[in-house]
Amino acid sequence: MKSTGIVRKVDELGRVVIPIEIRNKFDIAEKDPIEIYVEGSSIILKKFEPNCVFCGSSKDLVEYKDKLICSKCAESINDLVKEQK
């Protein structure tokens, strides 16, 4: 991880402001969802991108029964169904 040299304090409600330079660099706009997770002793903030439930791809997604599936995995499932018939 590279240090930006920018330091922010956590406010009384537990919030931290992400500096505009970082938001611009990662194309984060107001109201965009941010994913928060822990990796070792680090807290990672990442712009949320929906992914395929099977392979993790974020391209060519279709929704099926409230789940996102990429077109490649949907094709593979379709092929499996055809083989079993």
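**Briefing: a predicted protein model**

D66 counts as exposed, with a relative accessibility of 68%. In this scheme a residue is buried under 20% relative accessible area, exposed over 50% and partly exposed in between, with a 1.4 Å probe and protein chains only. The structure is a predicted model, in which local features need pLDDT of at least 70, side-chain atom pairs count only at pLDDT 80 or more, and totals for chains, interfaces and linings use all residues. Residues are numbered from 1 along each chain as its sequence is written, and side-chain values use heavy atoms, with hydrogens and water left out.

**Overall build**

- The protein has two helices and four strands; helices (H or I, at least four residues) and strands (E, at least two) are DSSP runs, numbered from the N terminus.
- Along the sequence these elements come in the order α-β-β-β-β-α.
- The protein is more spread out than a compact globule, because its radius of gyration is 19 Å, well over the 12 Å that the globule rule gives for 85 residues. The radius is taken over C-alpha atoms, and the rule is 2.2 Å times the number of residues to the power 0.38.
- Taken along the principal axes, the box filled by the C-alpha atoms is roughly 60 × 30 × 25 Å.

**Surface, contacts and charge**

- Of the 85 residues in the protein, 9% are buried.
- Among contacts between residues at least 6 apart in sequence, 3% join residues at least 24 apart; a contact means heavy atoms within 4.5 Å.
- The protein exposes about 7900 Å², and carbon and sulfur atoms supply 53% of that area. Accessible areas come from the Shrake-Rupley method with a 1.4 Å probe, and for residues only the protein chains shown count as cover.
- There are 15 positive and 15 negative side chains, and the centres of the two sets lie 3 Å apart. Lys and Arg count as positive and Asp and Glu as negative, while His and the chain ends are not counted; each charge is placed at NZ of Lys, CZ of Arg, CG of Asp or CD of Glu.

**Cysteines**

- The whole structure contains zero disulfides, a disulfide being a pair of cysteine sulfur atoms within 2.5 Å.
- C52 is in no disulfide, and its nearest cysteine sulfur, that of C73, is 3.8 Å away. C52 is buried, at a relative accessible area of 4%.
- C70 is also in no disulfide; the nearest cysteine sulfur belongs to C55 and is 3.6 Å away. The relative accessible area of C70 is 4%, so this residue is buried.

- V62 belongs to strand β3, which covers residues 61–64. V62 is partly exposed, at 41% relative accessibility.
- Not counting residues up to four places away in sequence, V62 touches K67, L68 and I69.
- V62 and D11 are 51 residues apart along the chain, and their C-alpha atoms are separated by 39 Å.
- K65 is found in the loop between β3 and β4 (67–70). The phi of K65 is near 50 degrees, a positive value in a residue other than glycine, and K65 counts as exposed at 65% relative accessibility.
- D66 is placed in the loop between β3 and β4. D66 is not a glycine, yet its phi is positive, at about 65 degrees.

**Before helix α1**

- I18 lies in the segment before α1 (20–25), and its relative accessibility of 24% makes it partly exposed.
- I18 is in contact with R23 and L45, leaving aside neighbours within four places in sequence.
- The C-alpha atoms of I18 and D32 are separated by 12 Å, with the two residues 14 apart along the chain.
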